[in-house]
Amino acid sequence: MYAARSPRPRRGGVRTLTVCAAAAALATGPLGTAGAAGTDETVKVTYRGREFTVPASWPIVDLEKHPDVCVRFDRHAVYLGTPGDQQQCPAGARGRTEAFLIQPSVVRGRTASENRTARTFRVTADRIAVTAAYAEDRTRIQDILRDAGLPDAAAGTDATAGAPAAAPLPADATSFRGEGFDACTAPGQTAMDVWRDDSDYGAVGVYIGGVNRACAQSRLTAGWLRTQYANGWRFFPLYVGRQPTSDGGSCKGGCEAITDPAPQGTEAADDAVEQATTLGFPKGTVIYDDLENYAPGSTVTSRVLSYLDAYTKRLHALGYRSGVYGNASSLVTDLVANKRRVTLPDVLHFARWNGKSTTTDSTIPAKLWADHQRIHQYVGDTTETHGGMTISIDRDRLDVD
């Protein structure tokens, strides 16, 4: 356990595109290093010698000119360049649709992989690396990659399958009692450093994967985690798998929902462990499945509980512990009411935005999750500034061994 610190029709025609910064409102600017030409229906975007033909309605975001734009896969867009260290990402973003992140790369040769669980392609060739997300329109993404002369992965090949596991973090990397926060994307190093010095926080929630993880995680690597651990941070890894409904909580209609609970819960656990292993989270780590708020009822409750039961059992079989994030008025209520019918998660991360930094709640019996097995998200979707660095976060109180 790590204790908290004290505060301190295609018609011809060429047109010039503007670059859109996809945020709450779109900012515009010149395209800069990328060239584009197109028709009424599609545009051709050129980056480092590769030409991508994408729908004309998709914003084209030049990250060199707009480094603070959040790279998100819950909205159509093409992001060009390296994501900035201070992306302005909303803490509550969830969901998945078709989008591209096209970055510079020094990797030699051509590689291609696909994570069918997370619905993501990763391709490297020449001097670029492409991350392409999709929801229902996988074929469109494949066509865009092929038209650009890039390989598309054979179905089912996972970007992390067969990849060497990172050196494991120490066992206490996910043990913590005190104040924490979670953010949609891993903050830059400067932000992590000044927040360590100037805030009360000692733990950070990191989103390691899942089909409904909205924010790209270009900084979240085994090296990033090891650096933060050495600097005193501790972690709670979150996995945004399938959701109770497509429009619950933060989803706003854009989430992939649970349709076949037991197989999808098992699949989520397999993928969560694959991502955790690649990042260096060792066996015994709690991996929290993020389930957004929903209206309990016979059908949706049954789906959620079957999904979580399979998720927990599979994690246990793989040597990991199960955690779950959910609202006190929906998921927690369902778990407590059905505690003898399902395999309960080992740790409960519950959301009740009451501003109270405590891990007790009227919906949770005192004897359940009583042995340092709770996290309370007590403030959500807020923005804080420490040491001059601003991050959109949720606030959490941890009591986890």
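Are C251 and C255 buried or exposed? In this predicted model, C251 is buried, and C255 is buried as well. The two residues are joined by a disulfide with an S to S distance of 2.1 Å. The link of C251 and C255 is left-handed, with -85 degrees about the S-S bond.

The structure holds three disulfides. A disulfide is a covalent bond between the sulfur atoms of two cysteines. When the bonded cysteines of the chain are numbered in sequence order, the pairing reads 1-2, 3-4, 5-6.

One of the disulfides is formed by C70 and C89, whose sulfur atoms lie 2.1 Å apart. This pair links distant parts of the chain, 19 residues apart. C70 is found in the loop between β6 (60–62) and β7 (78–80), and C89 in the loop between β7 and β8 (99–104). The torsion about the S-S bond of C70 and C89 is about 100 degrees, so this disulfide is right-handed. Both C70 and C89 are buried.

A further disulfide connects C184 and C215, with an S to S distance of 1.9 Å. C184 lies in the loop between β12 (176–182) and α2 (189–198), while C215 lies in the loop between β13 (203–209) and α3 (222–230); the pair therefore ties together parts that are 31 residues apart in sequence. About the S-S bond of C184 and C215 the torsion is about 105 degrees, so the disulfide is right-handed. C184 has a relative accessible area of 3% and is buried. C215 is likewise buried, with a relative accessible area of 1%.

Methods
Residues are numbered from 1 along each chain as its sequence is written. This is a predicted model: local features need pLDDT of at least 70, side-chain atom pairs count only at pLDDT 80 or more; totals for chains, interfaces and linings use all residues. Side-chain values use heavy atoms; hydrogens and water are left out. A disulfide is a pair of cysteine sulfur atoms within 2.5 Å. Helices (H or I, at least four residues) and strands (E, at least two) are DSSP runs, numbered from the N terminus. Buried means under 20% relative accessible area, exposed over 50%, partly exposed in between (1.4 Å probe, protein chains only).
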